[in-house]
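Let's take a walk through this protein together, one piece at a time. Have the sequence and the 3D view open as you read.

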Amino acid sequence: MSIASGNLFRDLTAPRAGETITDLLRLGPVRIEGIASSPIQDSILYDQCQDEWVLLLQGEARLWLDGTEIDLAAGDYLLIPAHTPHRVLRTSTEPFCLWLAVHIQ
């Protein structure tokens, strides 16, 4: 296996709308992504076939998870079980939301 390195804070900037997703690592059943969120959300309803663990590294966000709204601040993390409908309702502007997401097949 080769060594992979980078800097999540330097490599991601806020998109004008929606999200920018960068694959940081894919290893067996695990995928790790860096996600930068725009304050303009596209309200996509996600229903993923894998578990997703997310950590909000900077900013503030409000998510909708299967009928429940959840507010997150920098440092908060959340496990979203597979096939749990969810969407991003709101994200902050300054600073923009920066996430670390771990998908587990």
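**A histidine and its surroundings**

The side chain of H103 makes a polar contact with the side chain of Q50, at 3.0 Å. Keep in mind as you look that this is a predicted model. H103 belongs to strand 8. Is H103 buried or exposed? Its relative accessibility is 3%, so H103 counts as buried, the cut-off being under 20%. Leaving aside residues up to four places away in sequence, you will find H103 touching P29, V30, R31 and E33, and also Q48, Q50, D51 and E52.

Strand 8 covers residues 97-104, and six of its eight residues are buried, so the strand is largely enclosed by the rest of the structure. Which strands are joined to strand 8 by bridges? One of them is strand 2 (residues 30-37), which runs antiparallel to strand 8 and is joined to it by eight bridges. To find this pairing on your screen, look for I35, whose bridge partner in strand 8 is W99. Another is strand 3 (residues 51-58), also antiparallel to strand 8, with seven bridges joining the two. Here a handy landmark is D51, which has I104 as its bridge partner in strand 8.

Next, a look at the cysteines. C97 has 0% relative accessibility and therefore counts as buried. C49, in contrast, counts as exposed because its relative accessibility is 54%, and the cut-off for exposed is over 50%. How many disulfides does the model have? A disulfide is a covalent bond between the sulfur atoms of two cysteines. With a cut-off of 2.5 Å between cysteine sulfur atoms, the count is zero.

Three strands make up an open sheet in the order 5-4-7, with antiparallel pairing. At its edges are strand 5 (68-73) and strand 7 (86-91), each of which pairs on one side only. On average, neighbouring strands of this sheet are turned by 25° against each other, direction ignored. Strand 4 (residues 60-65) and strand 7 run antiparallel and are joined by five bridges.

Methods
Residues numbered from 1 in each chain as written. Predicted model: local features only at pLDDT ≥ 70, side-chain atom pairs only at ≥ 80, totals over all residues. Heavy atoms only, no water. Buried < 20%, exposed > 50% of the residue type's maximum accessible area, 1.4 Å probe, protein only. Helix = DSSP H or I, 4+ residues; strand = E, 2+ residues; numbered from the N terminus. Pairing = 2+ DSSP bridges. Axes fitted to C-alpha atoms, helices over the stretch in contact; angles between N-to-C directions. Polar contact = N/O pair within 3.5 Å; in protein donor to acceptor, adjacent residues only side chain to side chain. Contact = heavy atoms within 4.5 Å.
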